[in-house]
Each structure stands twice: as structure tokens, then as C-alpha cells.
Number of protein chains: 2
Amino acid sequence: MTDSQSSTTRPATISDVAREAGTGKTSVSRYLNGETHVLSVDLRQRIEAAIARLNYRPNQMARGLKRGRNRLLGMLAADLTNPYTVEVLQGVEAACHALGYMPLICHAANEVEMERRFLQLLTTYRVEGLIVNALGAEEDVLRPLRGAGIPAVLVDRTVEGFEADLIGLDNTDAIETALAHLVAQGFDAIHFVVQPFEHVSSRRVREAAFRAALAARGLAVPSTVVLDLNEPGAAAAALADVDARIDDAARRGVRAALFAANAPVALAIARHLRARFGAAWQQQAALLSIDDPEWAELIGITTIRQPTYEIGYKAVEFVHERIDGAAGDVRVAMLPGELIARASTAS
Amino acid sequence: MTDSQSSTTRPATISDVAREAGTGKTSVSRYLNGETHVLSVDLRQRIEAAIARLNYRPNQMARGLKRGRNRLLGMLAADLTNPYTVEVLQGVEAACHALGYMPLICHAANEVEMERRFLQLLTTYRVEGLIVNALGAEEDVLRPLRGAGIPAVLVDRTVEGFEADLIGLDNTDAIETALAHLVAQGFDAIHFVVQPFEHVSSRRVREAAFRAALAARGLAVPSTVVLDLNEPGAAAAALADVDARIDDAARRGVRAALFAANAPVALAIARHLRARFGAAWQQQAALLSIDDPEWAELIGITTIRQPTYEIGYKAVEFVHERIDGAAGDVRVAMLPGELIARASTAS
DNA sequence: CTGTTAGCGCCTTCAG
DNA sequence: CTGAAGGCGCTAACAG
């Protein structure tokens with residue numbers, strides 16, 4: 001009984017298996033690649049036994065080197081702290097599983113430098129495709145991909161000057177649905193709150209759609225509140241602005257409604273209002289948010305839930321097709337959101 | 001001007017660079033590996049230029065194949081939905097960056113099958129080390145690692161029969177601190193709620209520590225409530241049990257305190273109590289939880305915050321040392337938690 | 001200082 | 001049905 005599994009032994013190679021099975025590497029390779037019908041039963045069994053005995057696992061790296069493809073699929077996430085991202089991730093993982101890819105997840109943690117670095121890495125590891133939830137609009141950060149000829153699909157946001165398939169929420173429709181709900185509930189002082197949006201396409205679209213939807217109804221369009229969560233000072237000012245609008249409405253005897261462009265914004269607002277008004281803050285202002293984080297139900301916030309799983313799944317299908325050589329125009333898939341009405345917007 | 005960056009061109013190789021620079025592959029390799037002082041200024045510049053011109057990036061796979069190490073570090077996460085995991089991840093990423101590893105993140109999404117599959121994959125990709133936040137206690141799932149001689153470090157939980165470095169929260173101390181807080185606030189009907197814990201060491205330790213801490217104070221030790229979040233039926237029963245205890249205490253004119261073993265449990269409880277008592281549910285029962293998710297502050301829940309970032313960072317340092325050949329006994333690092341007192345446990 | 005020569009582990013013609 | 005030989009992109013002795 002040889003100690004073939006000792007942790008000091010270096011992993012068995014295909015040659016080891018061949019020797020152990022008393023055959024050549026070619027046959028082992030054939031076995032590994034499922035060309036099992038080309039092998040005599042006897043040989044196949046010997047190989048099987050040898051593999052088991054040596055606890056052999058083919059080295060993917062070597063395989064990739066030879067075949068020119070390694071089944072690695074990169075996923076660059078801007079912010080895993082955002083539940084949205086994790087949910088998308090689940091779809092990505094499921095699709096990777098189904099299509100035989102190994103997802104290589106990289107988390108930029110909201111830092112452009114990280115994003116750049118990971119993109120480099122992903123490139124040097126020769127991932128076959130990439131799913132990008134980009135941080136900034138910097139097209140040059142994505143340039144390496146072009147050079148390496150790695151197909152990419154954008155999730156949630158486009159990147160200025162970077163042509164690629166895009167998949168995300170149908171923002172215009174989502175905003176329209178949400179606004180219709182608010183209006184139906186009788187709100188007329190509705191304020192849009194969003195993180196700095198010039199450089200993030202989805203935020204830009206949402207903001208524009210909100211204004212358009214308001215205008216289409218002949219309602220006044222209050223200025224958009226920009227809430228920069230990365231700048232404490234600016235954030236405080238923005239929240240003060242929110243406060244003012246709430247007070248304004250209150251003076252007119254109405255309850256203001258706040259429309260958060262995404263969950264992080266909604267959380268910041270909720271925290272602030274709770275600090276200001278106490279646990280019963282929702283009596284002072286209504287809140288609606290795009291994204292449906294776990295705490296939304298906990299405190300009864302109306303939301304637009306994104307089809308996150310589908311977004312992730314489809315994203316992988318898109319790159320997969322590109323990897324398989326699909327040429328053709330850039331595709332855009334905009335999936336519909338779903339309104340989850342809760343107490344925060346009850347009239 | 002050649003179209004060296006066209007997306008149809010296959011990535012440049014070291015040979016291409018050598019040819020372009022009019023030299024041999026060796027020199028290029030030396031350049032890549034920073035042995036820059038061994039090269040004549042002229043040659044170095046030619047290589048530099050060639051690399052830039054061809055937009056060359058060394059193929060990590062090939063490097064890894066040759067050197068026997070690929071700088072890949074696996075991280076197997078049981079549940080990215082749990083904020084704890086994401087926070088640990090941030091520490092892992094930072095440490096990987098600092099030590100020159102590429103983190104390969106795998107998400108088992110609470111499915112043992114996934115866990116097994118990823119472990120296989122990680123093995124075939126020959127990651128140099130692995131950080132495991134294991135799902136179950138199945139030692140055999142981790143067996144492949146042994147066979148491949150891949151060093152691993154466990155995060156948060158041990159695995160029966162699997163010897164490896166461990167890093168996580170000092171559960172005993174955390175429980176003691178939290179309980180002391182509750183007692184100081186005047187609570188005496190304190191109930192521990194935890195997911196099925198036989199197979200998860202951290203839960204087991206917490207449960208035991210809770211009972212011990214209670215007993216040490218001469219207080220009665222109510223039976224532990226087991227809340228299985230994956231079994232709707234069982235979960236409902238457990239929550240009914242919680243209800244009964246709250247009612248019991250109420251009959252005695254006191255407010256029961258619920259001690260959640262982690263954030264998912266706390267969330268389930270909070271949701272349930274809100275559904276039962278409405279927004280003011282906290283007047284009916286106190287709640288304290290280990291883990292400090294973002295919504296804890298939002299609704300004012302007292303928590304024990306884990307040093308998640310440090311846990312992740314140190315985990316990487318641990319494997320790194322093992323990869324570097326450090327032998328020696330299994331190490332255990334238990335980091336202290338921090339009590340964040342909020343309104344939910346005010347007396 | 002620089003280039004030549006072997007492989008790393010695997011797959012893929014191409015002959016048996 | 002089976003095996004030997006060559007090469008994927010890169011590094012690591014060896015020579016110059």
C-alpha cells in the first residue's frame with residue numbers, strides 16, 4: 001500500500017497514470033476526454049483503476065494551455081456589498097455550471113484601481129469571456145480586453161465608448177411603474193434621490209426617466225437630489241436637502257415621497273430619517289426604492305425588484321455565444337422589474 | 001502600422017516579443033521577471049518597446065505550468081448572501097493583493113453539491129491554497145485537498161476530522177460579553193435561537209457558551225430554540241415556540257430577550273415579530289444578535305460585530321505561510337468581537 | 001550579458 | 001483500437 005495520497009507527494013500527472021495502467025498517455029487522454037467508445041473495455045478499466053489509485057485529477061492549466069481555452073469566465077463586480085450584485089452572481093454561477101465554465105469572481109470594492117488591476121489579471125489568466133459590472137465610465141480601463149480579444153458583456157451599466165452586449169433592468173419601464181404607483185397612492189410631492197449619475201448609465205437613465213414620467217403627467221419636476229455616499233460632507237448636505245423637502249411638503253399638509261434610485265441610497269435615507277424622526281419616521285415621509293434588499297420587507301419599504309438572477313444567467317449566455325464566435329451587432333437586453341408594494345407608500 | 005490589437009489576432013506570445021525585439025525568449029523572460037539589472041540598457045529598451053507595440057501580456061497559465069505555482073488562491077464561501085461572508089471576503093482580497101495572489105472565489109450558495117463541485121474544480125486548477133468557509137461537517141468533501149496536497153485554512157467553522165488552521169470569532173468571549181450586557185440591562189428571560197447546530201462548530205460553541213454563561217450566573221437555562229431556515233415547516237414551529245416564550249414572559253410582566261446566534265436568524269425573527277406585532281414589535285421583545293448587518297442600525301438592534309476584515313486577512317496570511325512550507329501544529333486564531341449596544345436591548 | 005536547450009502536463013496529428 | 005512525437009507559452013539550467 002503506497003502512500004499515494006500523502007500531502008507531500010506532488011499531484012499525479014497523466015504520465016503517472018499511463019505508467020500505472022501500463023499504457024500510453026494518449027489513451028489516458030482519450031479516456032479523460034470521454035472518447036471512451038474508442039477504448040477496449042480492458043484498457044478502460046485499467047485506466048480507471050490507475051486514476052483512482054493515484055487520485056489523479058487532470059491539470060486544467062495544462063489543458064488550457066494546449067487547447068487554447070481554459071473554461072475560465074471572469075466576473076468583475078463593482079460592489080459585492082450591494083445585494084443586487086450578489087443576486088446577479090447567483091445567476092452567473094448557475095449559468096456557468098450549466099455551460100461548463102468556472103467563474104472567476106473579482107471584487108473591485110468600489111475602487112477604480114482595483115478594477116484596473118483585476119482587469120489586468122483576468123487578461124493574463126486568459127479568461128475566455130468577461131462579465132463586467134463596471135465601476136466608472138472609464139473606457140480605457142476596459143481597453144486591455146480589446147487587446148486580448150476577450151469578449152465582454154456589460155451588466156447594468158454601459159461604458160462610454162466601449163461597445164459590448166448589455167443586459168440589465170428596463171429602467172424606463174421600472175420608473176414608470178413605480179411612479180404610477182406613487183401617483184395612484186395620492187403622492188404629488190415626489191423627489192428623486194440618486195448617487196452621482198453622470199458616469200453611471202443606469203442612474204442616468206433612471207433619473208431622466210423619472211423626470212420624463214413626472215412631466216408626462218403634467219406634474220412639477222423637483223430638482224434631483226444627488227447623494228454621494230462616498231463623500232460624508234456632500235452626503236450630509238444632500239440629506240439636509242431631503243429634510244427641507246419633507247418639511248416643505250409638511251407645511252402644505254402633505255407627506256413627501258422619496259424615490260431612491262437604488263438600495264444603498266434607500267438605506268442611507270432610511271437611516272437618516274430614523275435618526276431624525278425616530279422609529280416612526282415613515283409617518284413623515286414615504287419611501288420607494290429600486291432594488292429589493294432583505295431589509296425592505298423588514299421595515300415595509302415598497303420596491304421595484306430586479307430580475308437579478310435572470311440578468312446574471314443571461315449575461316453568461318451572451319458571453320458564451322460570443323466566445324463561440326457569434327459576431328453581429330451589439331445586443332441589449334432590458335428585463336422588466338416587479339413592483340412590490342408595501343406599507344411605506346400606503347396613502 | 002500593423003493591426004496588432006485587432007480582436008481577431010490571437011494574443012502575442014513571448015516568442016513574438018523576442019522576434020520583434022530581435023532577441024531570444026530568455027532575455028524577454030528575464031525582463032518579465034524583473035531581472036532587469038542583468039540586461040543591457042539597449043536590450044531592455046528594445047524589449048520594452050516590443051511589448052508595448054504588441055500589447056503583450058505574459059500568460060499566467062503557462063507560467064504556472066512551468067514554475068509549479070500559479071498564484072491562485074481559492075476561497076470557498078458557503079453563503080455570500082450573508083454579509084459576514086462578504087466582509088471576510090474584503091479582508092481576503094486585500095491580503096491577496098498584498099501577497100500577490102489572485103483570489104478565486106467560489107460560492108456554494110448553501111448547497112453541499114456545489115461545494116463538492118467547486119472543491120473539485122479548485123483542485124484541478126491547482127490553486128496553491130484554499131480558504132474554506134465550509135458548509136457542512138462532511139470531512140470527505142474536503143478530502144480532495146489532502147490528495148492534492150493543497151493547504152487549507154478554515155474560517156469560522158471546523159470540520160470534523162479535518163485538521164487545518166482555523167480562524168474566526170472568539171465565540172465564548174462574545175457570548176459572555178453579550179449576555180453580560182443583557183443581564184446588566186435587567187433581562188432575565190433570555191432565549192437562544194440558532195440554526196441547526198450539530199454540524200456547524202461555531203454554532204455549537206455559541207450555543208454551549210450561552211448555556212454555560214447563563215448557568216454561571218445561577219440563572220435558569222431555557223431550552224435552545226432551533227430555527228431551521230431551510231425548512232419552512234420547522235421554521236414556523238420554531239417561531240411559534242419563540243412566540244410562546246414571549247407570551248410567557250409577558251404573563252409574568254417581563255419582556256423576553258431573544259439572543260440570535262447570527263444575522264440570518266436575527267432577520268427571520270425580526271421579520272416574524274414585525275408581522276405579529278407590527279412596527280412597534282420591539283416593545284414586545286428584546287433582540288440581540290451576533291453579526292452586525294447593515295439593517296441592524298436601521299432598526300436599532302444590539303449586536304456583536306465580528307472582526308470580519310481581520311479574519312479574512314489573517315486567513316490569507318495563514319495559508320500563505322503554509323504554502324511557503326511552514327509545517328507545525330494546527331493553529332487557531334480566535335479574534336474578539338465588539339458589542340454594539342442599540343435600542344433593542346434598552347431596558 | 002545573452003542565447004540554446006529542455007521540459008512543465010496535456011492534447012493532437014499521424015502512423016501503426 | 002493504440003502509441004510515439006511534437007508543441008501550447010513559459011522558465012530554468014547550461015553554455016557561450
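How many bridges join strand β6 of chain B to β7(B), and do they run parallel or antiparallel?

Author: This is a predicted model. Two bridges join β6(B), residues 190-194, to β7(B). The two strands run parallel. Val193(B) has Val225(B) of β7(B) as its bridge partner.

Now place that pair in its sheet. The sheet is open and has six strands. Their order in chain B is β7-β6-β8-β9-β10-β12, with mixed pairing. β7(B), residues 225-226, stands at one edge, and β12(B), residues 338-340, is also an edge strand. Each has a single partner strand, so one side of each is left without a neighbour in the sheet.

Strand β1(A), residues 72-77, is joined to β2(A) by six bridges. Six of the six residues of β2(A) are buried, so the strand is largely enclosed by the rest of the structure. In a regular strand, side chains alternate between the two faces of the sheet. Met102(A), Leu104(A) and Cys106(A) point one way from β2(A). Pro103(A), Ile105(A) and His107(A) point the other way.

Next, the contact between the chains. Chain A gives 55 residues and chain B gives 54. Together they bury about 5,400 Å², with 62% of it on carbon and sulfur atoms. On the chain A side, Met61(A), Tyr125(A) and Leu298(A) lose the most area to chain B. Together they make up 14% of what that side buries.

The polar part comes next. There are 22 residue pairs in polar contact between chain A and chain B, both residues at pLDDT 80 or more. Several elements of chain A each supply at least two residues to the side that touches chain B, β2(A) and α12(A) among them. The largest share comes from α6(A), with eight residues. By class, that side has 28 nonpolar, 17 polar and ten charged residues.

Salt bridges also cross this interface; the rule finds two. One of them joins Glu297(A) and Arg271(B), with the closest N and O atoms 3.2 Å apart. Glu297(A) sits in helix α12 of chain A, and Arg271(B) in helix α11 of chain B. Glu297(A) is partly exposed, at 41% relative accessible area. Arg271(B) is partly exposed too, at 29%.

Over all chains, the whole structure holds 42 salt bridges. Take Asp247(A) and Arg276(A), whose closest N and O atoms are 2.7 Å apart. Asp247(A) is in helix α10(A) and Arg276(A) in helix α11(A), so this pair links distant parts of the chain, 29 residues apart. Asp247(A) is partly exposed, with a relative accessible area of 27%. For Arg276(A), also partly exposed, the value is 33%.

A further pair is Arg342(A) with Asp292(A), at 3.2 Å from N to O. Arg342(A) lies in the segment after β12(A), and Asp292(A) in the loop between β9(A) and α12(A). The pair therefore ties together parts that are 50 residues apart in sequence. Buried means under 20% relative accessible area. Arg342(A) has 17%, so Arg342(A) is buried. Asp292(A) has 15%, so Asp292(A) is buried as well.

Last, a network. Asp165(A), Glu321(A), Arg322(A) and Arg331(A) are joined into one by salt bridges that share partners.

How values were computed
Residues are numbered from 1 along each chain as its sequence is written. Chains are lettered from A and ligands numbered from 1 in the order in which they are written. This is a predicted model: local features need pLDDT of at least 70, side-chain atom pairs count only at pLDDT 80 or more; totals for chains, interfaces and linings use all residues. Side-chain values use heavy atoms; hydrogens and water are left out. Contact means heavy atoms within 4.5 Å. Buried area is the accessible area (1.4 Å probe) that two parts lose on being put together, summed over both. A salt bridge is a side-chain nitrogen of Lys or Arg within 4 Å of a carboxyl oxygen of Asp or Glu. A polar contact is a pair of N or O atoms within 3.5 Å; within protein, one must be able to donate a hydrogen and the other to accept it, and residues adjacent in sequence count only if both atoms are side-chain atoms. Helices (H or I, at least four residues) and strands (E, at least two) are DSSP runs, numbered from the N terminus. Ala, Val, Leu, Ile, Met, Phe, Trp, Tyr, Cys and Pro count as nonpolar, Asp, Glu, Lys and Arg as charged, and the others, Gly among them, as polar. Buried means under 20% relative accessible area, exposed over 50%, partly exposed in between (1.4 Å probe, protein chains only). Two strands pair if DSSP finds at least two bridges between them.
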